[in-house]
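I opened a new page for this chain today.

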Amino acid sequence: MNNRLKSGSALAMALGLSIATASAETARIFWKDLRPAAQAAAESVGLPMVAAKMPDRGETLSLNLRDKAVHLAGYALPLDRDGDLVYQFLLVPWTGACSHMPTPPPNQIVLVTPARPYRMSQAYQPVAVTGALEPGMEKSQLFILDGVSVIQSGYTVRKAEVANVDLVPDTITLPANSPWSFLNEKKN
């Protein structure tokens, strides 16, 4: 029995070391890291940043992030849910994207499949996603009040760890004169 305890302890230490190493290799990225450096940010061109106005339609992806473990904060927009359990969602850089205003370019949308169903209390809930980032165009159907919208995302994170956050560090705030500025207001 004593040898089993020692073996179990050694295994736990080894797992602890590998978990610490894995988390140290996770890169904290921001939305600007998902688009080419030469591509203007949404606040530079005025919201909404419409992919159709861009020379590459926002389809130029950051391939140097392929298969890298990343940590990215944004706003969750549910695609597949059952009540408050969400099985798949779009991670977008600002509130209102895709359903209340034109869609951001594909290189500013991440399709996320959580490792476990994620409990979401509201659309556009600020969350942080951690997992392996896969560049590649993917289309999803977003069901909105007046029908269905097909959204093209430029990245996917499967088996993602999802956590609530209070703030998205590089969020784009809608201009005060925007009809959607109420989305900037913090909900209590």
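My entries follow, from the whole chain down to single residues.

**Ground rules.** I am working with a predicted model, so I took local features only at pLDDT of at least 70 and side-chain atom pairs only at pLDDT 80 or more, while totals for chains, interfaces and linings use all residues. Residues are numbered from 1 along each chain as its sequence is written, and side-chain values use heavy atoms, with hydrogens and water left out.

**Whole chain.** I looked up the secondary structure first. The chain has two helices and seven strands. I took both as DSSP runs, helices being H or I of at least four residues and strands E of at least two, numbered from the N terminus. Along the sequence the pattern reads α-β-α-β-β-β-β-β-β.

Next I checked burial. Of the 188 residues, 38% are buried. My cut-offs are under 20% relative accessible area for buried, over 50% for exposed, and partly exposed in between, with a 1.4 Å probe and protein chains only. The chain exposes about 10,700 Å², and carbon and sulfur atoms supply 56% of that area. These areas come from the Shrake-Rupley method with a 1.4 Å probe, and for residues only the protein chains shown count as cover.

I also asked how far apart in sequence the contacts reach. Among contacts with a separation of 6 or more, 71% join residues 24 or more positions apart. Contact here means heavy atoms within 4.5 Å.

**Strand pairing.** I counted two strands as paired if DSSP finds at least two bridges between them. Strand 1 (residues 27–28) runs parallel to strand 2 (residues 69–82) over two bridges. Ala27 faces Val70 there. Strand 2 also pairs with strand 3 (residues 85–92), this time antiparallel and over seven bridges. In that pairing Arg81 sits opposite Val86. Two residues separate the strands of this hairpin, and Gly83 has a positive phi near 65 degrees.

**Core.** Which residues touch the most other members of the largest nonpolar core? They are Leu34, Phe89, Leu91, Val110 and Leu133, out of 34 residues in that core. Strands 2, 3, 4 (110–114), 6 and 7 (147–164) each supply at least two residues. Strand 2 gives the largest share, seven residues. I defined a nonpolar core as buried Ala, Val, Leu, Ile, Met, Phe, Trp, Tyr and Cys residues joined through side-chain atoms within 4.5 Å.

I then followed Phe89. Phe89 counts as buried because its relative accessibility is 0%. Leaving aside neighbours within four places in sequence, Phe89 contacts residues including Leu77, Leu79, Val110, Val112, Val129 and Val162.

**Aromatic pair.** I searched for rings of Phe, Tyr and Trp (its six-membered ring) with centres within 6.5 Å, calling planes under 30 degrees apart stacked, over 60 edge-to-face and the rest tilted. The count is one pair. Phe89 and Tyr118 make a tilted pair, 6.3 Å centre to centre with 45 degrees between the planes. Phe89 is in strand 3 and Tyr118 in strand 5 (residues 118–119), so the pair ties together parts 29 residues apart in sequence. Tyr118 is buried too, at 8% relative accessibility.

**Salt bridges.** The whole structure holds five salt bridges. I required a side-chain nitrogen of Lys or Arg within 4 Å of a carboxyl oxygen of Asp or Glu.

- Lys32 and Asp33 meet at 3.4 Å, N to O. Asp33 is partly exposed at 27%.
- Glu134 and Arg66 have their closest N and O atoms 3.3 Å apart. Glu134 lies in strand 6 (residues 125–144) and Arg66 in the loop between helix 2 (42–45) and strand 2, so the pair ties together parts 68 residues apart in sequence.
- Asp84 and Arg119 have their closest N and O atoms 2.9 Å apart. Asp84 lies in the loop between strand 2 and strand 3 and Arg119 in strand 5, so this pair ties together parts 35 residues apart in sequence. Asp84 is partly exposed at 31%, whereas Arg119 is exposed at 54%.

**Positive phi.** Last, I checked the backbone of two residues. Asp67 has a positive phi of about 60 degrees although it is not a glycine. Asp67 sits in the loop between helix 2 and strand 2 and is exposed at 53% relative accessibility. Lys159, in strand 7, has a positive phi near 55 degrees. Lys159 is exposed at 69% relative accessibility.
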